[in-house]
Amino acid sequence: MLNKDQKTLFMKWLDEHGSAVMKVARAYTLTSEETQDLAQEILLQAWKSLPRFEQKSSAATWFYRVALQTAMNWQRKEKPRRIIQKPLLEVHTVVTEGVNSAEAAQQRDTVEQLYRAIRQLPQADAALVLLYLDELSYREMSDVLGISENNVGVKLNRAKQKLNELMKGESDGS
């Protein structure tokens, strides 16, 4: 594949699947700066691995694999620093038309609570929840994670139960 063709293909896939990169980065980080850093790292890894893409899976599946693997590696490397440094959680301003400021604040709080809960899940469960939130089919989740569709269903149900407990526990303790 020529470098120009690679760039064209990469930009097309980035346009189609860039939101997945940001969702994964957001779920594995604590601040907006970290999210941006991780997103850049994911894109760099995707660019580097593009020549090895064998078209055995869809572009979406491949992008998710690269994003999740990069995020899990990044999180492993960042863990020692995170233990020492207490992060300040930031809430991004959500601009929603037709929603008053109280509703918008509630939405931001709920989204932030969801991401905090996702970060508390084991890595494999967090990855599964992210794929579910992005509305991938069990087949697509199976392809991304390299597990059977039945296993996806079982693991997803368990992860959703744990996520529900974490969300309830946080709202009870708030």
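Reader: Of the 174 residues of the protein, what percentage count as buried?

Author: Good place to start! This is a predicted model, and in it 39% of the 174 residues count as buried. The protein exposes about 10700 Å², with carbon and sulfur atoms supplying 52% of that area.

Reader: Thanks. Which kinds of elements does the protein have, helices or strands?

Author: There are seven helices and zero strands. Read from the N terminus on, the elements run α-α-α-α-α-α-α. As for contacts between residues at least 6 apart in sequence, 65% of them join residues at least 24 apart.

Reader: Let's take a helix, then. Where is the kink in helix H1 centred?

Author: Helix H1 covers residues 3–27, and its kink of about 65° is centred on His17. His17 is also one of the buried residues of H1, a list that includes Phe10, Trp13, Gly18 and Val21.

Reader: How should I read a list of buried positions along a helix?

Author: The general idea is that an α-helix has 3.6 residues a turn, so residues three or four places apart point the same way. With that in mind, look along H1 at Gln6, Phe10, Trp13, His17, Ala20 and Val24, which are among its buried residues.

Reader: And how do I describe two helices that pack together?

Author: Two packed helices are described by the angle between their axes and the distance between the axes. Here, H1 and helix H2 (residues 32–49) pack at about 145°, and their axes are 10 Å apart. H1 passes H2 in a right-handed crossing. Among the residues making the contact are Phe10, Leu14 and Val21 of H1 and Leu38, Ile42 and Trp47 of H2. Sorted by class, this contact has 12 nonpolar, four polar and two charged residues.

Reader: At what angle do helix H5 and helix H6 pack?

Author: H5 (residues 123–133) and H6 (residues 138–145) pack at about 145°, with axes 10 Å apart. Their crossing is right-handed. From H5, Ala127, Leu128, Leu131 and Tyr132 meet Met141, Val144 and Leu145 of H6. By class, that contact has seven nonpolar residues, with no polar and no charged ones.

Methods:
Residues are numbered from 1 along each chain as its sequence is written. This is a predicted model: local features need pLDDT of at least 70, side-chain atom pairs count only at pLDDT 80 or more; totals for chains, interfaces and linings use all residues. Side-chain values use heavy atoms; hydrogens and water are left out. The bend at a residue is the angle between axes fitted to the seven residues ending there and the seven starting there. Helices (H or I, at least four residues) and strands (E, at least two) are DSSP runs, numbered from the N terminus. Buried means under 20% relative accessible area, exposed over 50%, partly exposed in between (1.4 Å probe, protein chains only). Axes are lines fitted to C-alpha atoms, for helices over the stretch in contact, and angles run from 0 to 180 degrees between N-to-C directions. A crossing is left-handed if the near helix is turned anticlockwise from the far one by less than a right angle, and right-handed if clockwise. Contact means heavy atoms within 4.5 Å. Ala, Val, Leu, Ile, Met, Phe, Trp, Tyr, Cys and Pro count as nonpolar, Asp, Glu, Lys and Arg as charged, and the others, Gly among them, as polar. Accessible areas come from the Shrake-Rupley method with a 1.4 Å probe; for residues, only the protein chains shown count as cover.
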